Structures are given as C-alpha cells and as structure tokens.
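Student: Before I rely on the words used for this model, I would like to go through them one at a time and hear what each rests on.

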Amino acid sequence: MSGQTRGVPDQVAVVGGGMVGLSVAWFLQEHGVSVTVFDRDELTAGPAPTGPGSSWGNAGWLTPGLATPLPDPAVLRYGLRVLWRADSPIFLPPVADTQLARFVAGFVRHSTHRHWQHAMRALAPLTRASLAAFDALAAGGVAAAPTPAAPFLAAYQRRADLDALLTELDGVRAAGQPVEADVLDADVARRAEPLLGERVRHVLSVHGQRFCDPGRLVAALADAVRDRGGIVHESAPVDGLRPVGDRVEVLGRAPAGEDYAAVVLATGAWLPRLARQFGVRLPVQAGRGYSFRVATGRPPGGPIYFPASRVACTPLAGGLRVAGMMEFRWPDAPPDPRRIRAVVEATRGLLHGVDLERRADEWVGPRPCTPDGLPLIGRTSSERVFVAGGHGMWGITLGPVTGRLLAETVVTGAQLPELAPFDPLR
C-alpha cells in the first residue's frame with residue numbers, strides 16, 4: 001500500500017455503518033482520504049429500508065433545541081424505584097450484571113442539576129453546528145434530505161409538565177443553544193393538528209427543528225460514500241484491531257488482513273468491545289428504544305412529542321412512526337414485547353383517530369449511552385485509533401457534525417476545542 005503524504009492518512013477504516021460512522025467516512029472523503037466502512041449488518045437501500053443498529057428505526061429527529069443530556073435531575077426527583085417499573089419510560093431490568101450496575105451508578109451520580117448544566121454547555125457547540133453539517137451533506141449530493149419540522153409540537157396533560165420543559169429550554173438557551181418556542185391554546189392546536197387527542201391539555205410549538213426518515217437517510221449516505229469511491233463492506237463484523245508498525249490491521253471476515261493508516265470506531269452500543277484495548281474505559285450501555293408504525297388518515301405536518309411519556313411520533317411513509325422507551329439491557333438481547341405494550345399504553349388517548357393495535361414494522365434498536373450523557377469523540381491511547389460514539393438518543397442529530405469535526409482531527413491531528421469535553425479517555 002502507498003505511504004502517507006504530508007501526514008494525511010492515505011486510507012482510513014471506519015468500523016460501523018450507522019449515521020455517525022458514515023458521516024465520519026463522508027467528511028473524511030471531503031479531505032481527500034480513501035475510506036473503507038465495515039458494518040456487521042446490511043445497509044439496506046430500497047423503497048422501505050429497514051435494519052438493525054440504532055439509526056434505522058428511531059424517531060428521525062434533527063432537534064438541536066432538544067438535544068439535552070440523558071442523565072436528568074428527574075431521576076433523583078422521582079426516585080430510583082421508577083427504573084424497575086415495567087411501564088416506566090426508563091426501564092432497568094432486575095438482572096445481575098456488574099457492568100450494568102457500574103453504568104447505573106455513574107448515571108445516577110451524574111443526574112444532578114449542576115452536571116446537567118455542565119454537560120449542556122459541552123454539547124451546545126455541537127448542537128449549534130448540527131444543522132449546518134446536514135446542509136453540507138445535502139450540498140454534497142446526499143439524497144433523502146431532512147424536512148423542516150413545521151410544526152414540532154410537544155403535548156401534555158398537566159401544566160406542571162409543560163412548565164418543566166419550559167424551564168429545561170431556559171437551561172438550553174443559557175448553555176448557548178438558541179431555541180424558540182410558543183405555548184399554544186390546546187383547542188387551537190387541535191384544530192391545526194387533528195391527531196392531538198382529547199387528553200392533551202397543553203401544547204408547545206418548538207421552532208427551527210427538522211426531521212428525516214433515518215433509514216432512507218443512512219442508506220443514501222452509504223450510497224454517497226460508495227459513489228465517491230469509498231468501499232462499504234456489509235455483513236462484515238470486525239473481530240479486532242492489531243497495530244502493525246505505523247498501520248492498524250482490521251481483523252474480520254472481509255477482507256482479511258487489510259491494514260490502514262487510521263481506524264475510527266463507530267460501533268454504537270458495541271463500542272467497548274473494540275475500544276477497551278486502546279484505553280477507553282467509560283461504560284457504553286445500550287439504552288434500547290422501541291418503535292412501530294401505524295396508519296393515519298392524514299399524517300401530521302411535523303413531529304409530535306409527548307415528553308411526560310417519552311414518546312416520539314414522526315410522520316413517515318404516509319403514516320406515523322411511534323417511538324419510545326429507554327431500556328437498559330444488552331444490545332443483542334431479543335425484543336421484549338412488553339416494551340411495545342408500554343409505549344402503546346403511554347400513548348393511549350393522546351392521539352386521535354389512530355389505531356395503536358394495528359401496528360407494523362415493530363423494531364428495537366440499542367442507543368449507545370454513557371453515564372455522564374456525553375459522547376466519546378476523539379483519539380484513543382493510540383494515535384491511529386479514534387472513537388465516535390456514545391451519543392445516546394442524539395446520534396442522528398449529532399452524527400454529521402461529529403463526522404465533520406472528527407474527520408478534521410484525524411486528518412490534521414488538531415485538538416479541536418469543541419471536542420475537548422468528549423475525550424474518549426476521560
């Protein structure tokens with residue numbers, strides 16, 4: 001293989017073909033770097049793409065105004081007992097697992113108002129630049145562009161819950177992320193959006209957000225990487241990495257024995273398996289989300305969010321994708337139908353004219369969560385191995401901006417100040 005020129009890596013392998021990994025690959029190509037992507041699954045294109053991982057079946061929101069740290073003071077306010085309730089929006093199965101126990105202990109330790117403010121200030125430089133990174137993808141020819149969320153409605157039964165979101169948005173603004181929102185009269189909102197059910201009493205319209213069909217967007221991004229000369233290996237799990245001189249060999253099924261100037265690990269909830277040998281010790285736990293699709297007479301004009309129930313509804317494929325639940329469990333565990341039922345019960349009465357019993361495309365995906373609510377982005381203990389993961393619920397929103405910043409780091413070696421809080425070795 002050819003050597004490097006002026007310190008720029010000639011070939012980079014990206015392990016993980018979700019939104020984050022493919023964004024890294026695309027932005028590396030912007031710097032003229034040859035990329036090879038490995039993914040354990042199929043990156044399905046076509047009229048109705050479906051697949052595993054955490055990118056495919058999620059709500060598809062691009063919401064910089066709502067991208068807040070997952071560890072929340074509400075965990076302490078309501079008490080840890082809610083984590084063990086089967087109908088809780090955040091569910092912790094009662095299993096004996098030391099790794100999960102370590103994650104939960106860290107999660108609870110970071111569920112304070114002070115840490116939430118600290119984490120929100122760290123995230124704000126990324127959230128502010130997130131939509132511009134999507135615009136760069138679109139300008140570069142990536143199809144399946146996101147749609148403006150006009151409107152984006154957050155709906156509640158209780159005024160106290162609406163006030164809690166308004167307070168949270170004040171904290172988002174104080175951290176440096178602009179967000180505009182208006183409180184609407186519930187009857188006026190229902191006339192404008194007939195899908196809102198009679199139990200909805202309070203509505204907030206959040207401006208300046210977007211949404212997408214995440215399966216289509218990820219497939220389009222994979223196609224764009226291929227079209228620009230990148231190699232994408234599907235159904236090609238990577239078993240390990242081996243430093244060889246000034247290169248890194250990727251060990252797996254296809255191709256065997258290839259080595260690269262650098263490797264980026266973007267394997268989501270499976271990140272620790274490959275990253276641990278390069279000094280990454282922070283737990284990354286699967287926070288599994290569930291979704292399904294229901295038919296609607298008329299899809300809403302934009303997403304509908306029920307924050308008190310942690311249920312997200314997105315107009316997709318002529319119907320409505322309903323997503324929710326944060327289930328801390330092994331990423332490869334089989335789907336639990338009780339979690340789908342919990343999402344249904346949490347949504348009942350909040351949507352009008354939707355039959356929640358006639359569901360299609362039931363899905364579960366493992367969102368990669370860290371105990372401090374901050375992603376892992378940057379170089380590991382090896383100068384040739386980098387990490388991009390741990391985005392929790394915000395892998396779609398923050399994937400492209402993560403790709404842009406990490407690609408610059410890989411190519412230039414620069415220590416970007418925006419990435420300092422996300423040091424994988426912290």
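This is a predicted model: local features need pLDDT of at least 70, side-chain atom pairs count only at pLDDT 80 or more; totals for chains, interfaces and linings use all residues.

Student: Why is E249 called buried?

Tutor: The term needs a relative accessible area under 20%, and E249 has 12%, so E249 is buried. E249 is placed in strand β12, which runs over residues 247-252.

Student: What makes a residue count as in contact with E249, and which residues are they?

Tutor: The test is heavy atoms within 4.5 Å. Once the neighbours within four places in sequence are set aside, E249 is in contact with G240, L241, R242, V244, G257, E258 and D259.

Student: How do you know that C212 is in no disulfide?

Tutor: A disulfide requires two cysteine sulfur atoms within 2.5 Å, whereas the nearest cysteine sulfur to C212, that of C313, is 16 Å away, so C212 is in no disulfide. For C369 the nearest cysteine sulfur is that of C212, 19 Å away, and C369 is therefore in no disulfide either. By this rule the count of disulfides comes to zero.

Student: Are C212 and C369 buried or exposed, and what makes them so?

Tutor: With the limit for buried set at under 20%, C212 at 3% is buried, and C369 at 2% is buried as well.

Student: What makes a set of residues a nonpolar core?

Tutor: The members must be buried residues of the listed nonpolar kinds, joined through side-chain atoms within 4.5 Å. The largest such core has 78 residues, and those with the most contacts inside it are L28 and V264. Helix α4, residues 113-139, gives the most to this core, with 11 residues. A second core, of 27 residues, is separate and includes A155, Y290, F292 and I304.

Student: Which residues is L28 in contact with, apart from its neighbours within four places in sequence?

Tutor: L28 is in contact with V12, V14, V33, V35, A407, V410 and V411. In soluble globular proteins, nonpolar side chains tend to be buried together.

Student: What makes a residue part of the lining of the second largest pocket, and which ones are closest to its centre?

Tutor: A lining residue has an atom within 4 Å of a pocket point. The second largest pocket has a volume of about 550 Å³, and of the 40 residues that line it, D39, A266, T267, G268 and W270 are the closest to its centre. Elements giving two or more residues to this lining include α1 (19-30) and α10 (395-412). By class, the lining has 19 nonpolar, 15 polar and six charged residues.

How values were computed: Residues are numbered from 1 along each chain as its sequence is written. Side-chain values use heavy atoms; hydrogens and water are left out. On a 1 Å grid over the protein atoms alone, a cavity is a set of points where a 1.4 Å probe fits but cannot get out, and a pocket is an open set with protein on both sides within 12 Å along at least five of seven lines; lining residues have an atom within 4 Å of a point. Grid points are joined across faces, edges and corners, and a volume is the space filled by probe spheres set on the points. Helices (H or I, at least four residues) and strands (E, at least two) are DSSP runs, numbered from the N terminus. Ala, Val, Leu, Ile, Met, Phe, Trp, Tyr, Cys and Pro count as nonpolar, Asp, Glu, Lys and Arg as charged, and the others, Gly among them, as polar. Buried means under 20% relative accessible area, exposed over 50%, partly exposed in between (1.4 Å probe, protein chains only).
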